Amino acid sequence: MELYSYGDHAAMIAFNEPAHLELTHRLLQLRTYALQIPGVINALIGYTTVLVEWDPVSADPEMIMQDLRDWRSEDIQGNRPSRHWQIPVFYGGTNGPDLNHVAKYHHITPGEVIALHSRRPYPIYCLGFSLGFAYLGGLPETLHTPRRTSPRIRVPKGSVAIGGHQTGVYPSDSPGGWHIIGRTPIQLTNPAHEPPVSYIPGDTIEFVPVQGLQDLNS
Amino acid sequence: MSDIVVLNPGVLTMIQDTGRVAAEQYGASRGGALDFRLYSLALRLTETQTANDAVLELISGPVSLVPHDEMLVAVTGANVRTPQGIIPDCTGFWAPANQPLVISRPHKARAYFAVHGGFDVQSVLGGRGTDFRNHFGGFCGRPLKPGDRLPILAGPPPKLPHGRWRHSNLSESPNSSGRLCLRFTWHHSVNNFLPSQRDQFISATYRIDPHSDGMALRLQGTPLKVRHSEDFLSQPVLPGTIQLPPDGNPIVLLAHRGTIGGYPPIGHVIIPDLWRAAQLTPGASLSFAAISLAEARQITRIAYQTLATAATYSTPQQFLDP
């Protein structure tokens, strides 16, 4: 564990190990611990890091740095138990305009892309980019696909996509350079609700293929 | 309860406030007013409580608003044309009922419009500001449109007598001619850069790229040659973080950034200089100056204290010539 100043009112705690769920649970503990230190206003989780920010006027940086140095990981049992989220996805067609491209790129059928992408647990490492956007691990190497050469101005809300070695689902309309292979009809975020997102880092997500009426009729 | 009707909303005029730091754990950015100095000044000039801290942030002009009743308002960063005459920048004044206020194009990049009592919009995830990318907060989660009626919270009666204007000793903007120099502290891993690369960074002059927005200032200059590690893992980032993408042109992150960044940081701009950076328009030039952590902390504390303790005073009305 490495602790260093990040600008004049924040510190980064970095762990020199690969991202994995057990580490994510330690980061969550560290986040909870940091938010209890007087003067700390924010603590953000990355894959293997926690960024702790304090009030630039009233906080005591030396005291906060010392408290962070004193942190020791406790028994992970104390954490909220991980939850597993199943997200229904309409793959292909107008919902997933890039499914065929991804299949062609890997010389497999669209059905094989769906079979490889769905029905497996993806760990949530962190949230960022937009409200409720989850950075996931665990995309099978056979589906790693270079990003689109030109990003789309608008990726529709609910789109499930692959970009490089990552996969994810867009909770709201946003620009994006990933390949869209499907779409979930589920509303993933609700800003008026507390919390606005149900899943947190440390949970897992599974994509479950579903058929739309248009698929059944064809 | 009164309201203000939007006649001409301008481009991307939105309700903003101090931001919603608590929403960042869910992946939203804190957002909020980018020039905290002019934002605070607008609140002060309208005798607005910090709890009702929603204002309009303008990046274009003219913007026309019609108050439904007489109310105490202020504009910082632009002039206002009224039927009585032109009201100079950074003035709190009684706006007459049912007469248009035409706010000019901001003198720099951003201007603020505040009203006594504040805008009565719902607090979402701990803030009243507009999250334009995620479509929530502010007024219906979007920029203003013609015909919008913005509700105003009733406040205690303002102290400013009718027929007088309110000013602040902060109103005189700092001498801003010439190139802006942003003070920053080096990032922890800066030793990965050669001394010559660090020297190049602090001696270079950069220009603001037109693609800059509330998420980031994108800079053009002589690209820094950096050896990039292919496996840089995305990390949380803050407003002020200076990132170096593979093309060697630095990016200064602002309050509407994504909370996770994929490029290596090289430094961190101090908060008061971010307020000034947010006033830079495309094509403007800037440079960087490295300072110590202790200096950065002291400058930042003094900047906030100056805003918190700035006094206001009133004068007779004195309209500018058109």
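Which residue, with a positive phi, follows helix 1 of chain B? That's B:Glu47, with phi near 55°. Keep in mind that this is a predicted model, where local features need pLDDT of at least 70, side-chain atom pairs count only at pLDDT 80 or more, and totals for chains, interfaces and linings use all residues. Residues are numbered from 1 along each chain as its sequence is written, while chains are lettered from A and ligands numbered from 1 in the order in which they are written.

Now back up into helix 1 of chain B itself, residues 36-45 (helices are DSSP runs of H or I, at least four residues, numbered from the N terminus). Ten of its ten residues are buried, so the helix is largely enclosed by the rest of the structure; buried means 20 or more other C-beta atoms, placed from the backbone, within 10 Å of a residue's own. B:Arg37 and B:Arg44 are among those buried residues.

The largest nonpolar core has 137 residues, a core being a set of buried Ala, Val, Leu, Ile, Met, Phe, Trp, Tyr and Cys residues joined through C-beta atoms within 7 Å. Helix 1 of chain B gives the most to this core, with seven residues. Among the residues with the most contacts inside it are B:Ala42 and A:Val52. Leaving aside neighbours within four places in sequence, A:Val52 is in contact with residues including A:Ala10, A:Ala34 and A:Leu68 (contact: C-beta atoms, placed from the backbone, within 7 Å).

Over in chain A, there's domain 1 (2-78) and domain 2 (84-217), with bounds from an automatic or database domain assignment. Their centres, taken over C-alpha atoms, are 30 Å apart.

Conventions: A residue is buried if 20 or more other C-beta atoms lie within 10 Å of its own, exposed if 12 or fewer, and partly exposed in between; C-beta atoms are placed from the backbone. Helices (H or I, at least four residues) and strands (E, at least two) are DSSP runs, numbered from the N terminus. Two residues are in contact if their C-beta atoms, placed from the backbone, lie within 7 Å.
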